[in-house]
Amino acid sequence: MNAVIPIKMAMGGCTDAPVLRERGQREVFCGLTGIIWLHRKIQDAFFLVVGSRTCAHLIQSAAGVMIFAEPRFATAIIDERDLAGLADCNDELDRVVTRLLARRPEIKLLFLVGSCPSEVIKLDLSRAAQRLSSQFMPKVRVLNYSGSGIETTFTQGEDACLASLVPSLPPAKANAAPALMVVGALADVVEDQFVRLFAAMGLGPVAFFPPRQANSLPSIGPNTRYLLAQPFLADTAVALEARGAQRLSAPFPLGVEGTTAWLQAAATAMGVDADRFEQVTAPARERAESALVRQRVQLAGKQIFFFPDSQLEIPLARFLSRELGMLLTEVGTPYLHKQHLAPELALLPAGTVLSEGQHVENQLDRCRVARPDIVVCGLGLANPLEAEGFTTKWAIELVFTPIQGYEQAADLAELFSRPLLRRQRINPKSAPLSLSKTLVASVPGA
Ligand code: SF4
């Protein structure tokens, strides 16, 4: 495998690259989708969506939980009577919550999750959360956030959820020593690997937000140095900084290079010396580099096109181009947070086509002209593109799968090589079959 280019040697980059800004029809899931990974992360939280049957259907089918399995999410359905203003939604909501908490005493944190319908009828869930919190505290904290699909994309559900939780974080003691906090939901297996690496560097205890238990909320204050583990947490970052926390700027922990730079940012801020850092990270780094060799053979020289979907697109593009030799035809992202993504943009190959926002028909036209080997897109686009002969990767799978850190670097690469291999097996002379226009189902949000 070619050696990973050390960050200090990166030339060019896309720091000041022009960004094509698009507004038009979008093909994304809504923020309710975040419940699927958040309910697994915070193990004593419950997510009550206040929405329609469509919302219930989305959550139930996306999460795929069997009905006898006592899930930790549900939908309080707003029906025609509520929409017509014939019933008092607040009274009904109070009844539903009271019944739920009586039946499920293990719930310690309840999120009322807003949706398109609750926003359309202007149901004030923040007042409902305050009212219910004062009724059920200290046993159960009740918070609210919006998961609606109006002008949002699906990873914003996590951002809104975590931002709503920040005011509940206890204040750190004045004059406390600097403390590290990792922000963004990570799979437990990934979190445990990072805990071990930080501990071996002599850093710790390191707080993770969100925590696994609602009553283990980390304290926060001007001594808090936080590292974002996900690139889609703009509102959470604002809320943390309003409490005095300071963000450590770093690429995101995808791939060997991203993980090393991310860990390095923490080590530098917390005063870990260079030798110790090297000693702790070298074995995992070398293991990950050699695991990537096989993937590089499959992926080097292949062209990839990103439709805007998960907000992970820029860190993924950086990993795939620099560590696996893939060629970036277009990197689209729903929102481009220039400050949080600055270290990533600096590492992208100069001249990369970047786009922000979505005008799906224009992007489909550009994709058809580019004829990439693989397209990363949402579920609504994947089937029509496959029917045209393109190989696709569902963006949402990248959020559900543990992909951060050294041990996951090769698994992450394999998520891209597998569909290419499958296509090759089905059709050894594989190439996009047609450039004809496909009727793409237009279902904004849901
Ligand atoms: S986009 Fe659909 S599923 Fe999502 S909140 Fe709106 S109505 Fe519910």
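Predicted model: local features only at pLDDT ≥ 70, side-chain atom pairs only at ≥ 80, totals over all residues.
**Entry 1: a word to start with**

I count two strands as paired if DSSP finds at least two bridges between them. In β9, I found that the bridge partner of R225 is Q246. β8 and strand β9, residues 246-247, pair in the parallel sense over two bridges.

**Entry 2: the other partner of β8**

Next I looked up strand β6, residues 179-183, which runs parallel to β8 and is joined to it by five bridges. Which residue of β8 is the bridge partner of A179? I found T224 there.

I also followed the chain through β8, helix α9 (residues 234-242) and β9, and these make a right-handed β-α-β unit.

**Entry 3: how hidden is β8?**

Five of the five residues of β8 (residues 224-228) are buried, so the strand is largely enclosed by the rest of the structure.

**Entry 4: an open sheet**

I then turned to an open sheet of six strands. In what order do its strands stand? I wrote down β1-β12-β11-β10-β13-β14, with parallel pairing. β1 (19-23) and β14 (392-394) stand at the edges with a single partner strand each, so one side of each has no neighbour in the sheet. I noted that neighbouring strands here are turned by 20° against each other on average, direction ignored.

G332 stands opposite S355 in β12. Helix α12, residues 313-322, packs on this sheet and touches β10 (303-306) and β11. The direction of α12 makes about 170° with that of β11.

A disulfide is a covalent bond between the sulfur atoms of two cysteines. I looked for cysteine sulfur atoms within 2.5 Å of each other, and the count came to zero disulfides.

C377 is in no disulfide either, and its nearest cysteine sulfur, that of C367, is 8.0 Å away. At 0% relative accessibility, C377 counts as buried.

Conventions: Residues numbered from 1 in each chain as written. Heavy atoms only, no water. Helix = DSSP H or I, 4+ residues; strand = E, 2+ residues; numbered from the N terminus. Axes fitted to C-alpha atoms, helices over the stretch in contact; angles between N-to-C directions. Contact = heavy atoms within 4.5 Å. Buried < 20%, exposed > 50% of the residue type's maximum accessible area, 1.4 Å probe, protein only. Right-handed = clockwise from strand over helix to strand, strands pointing away.
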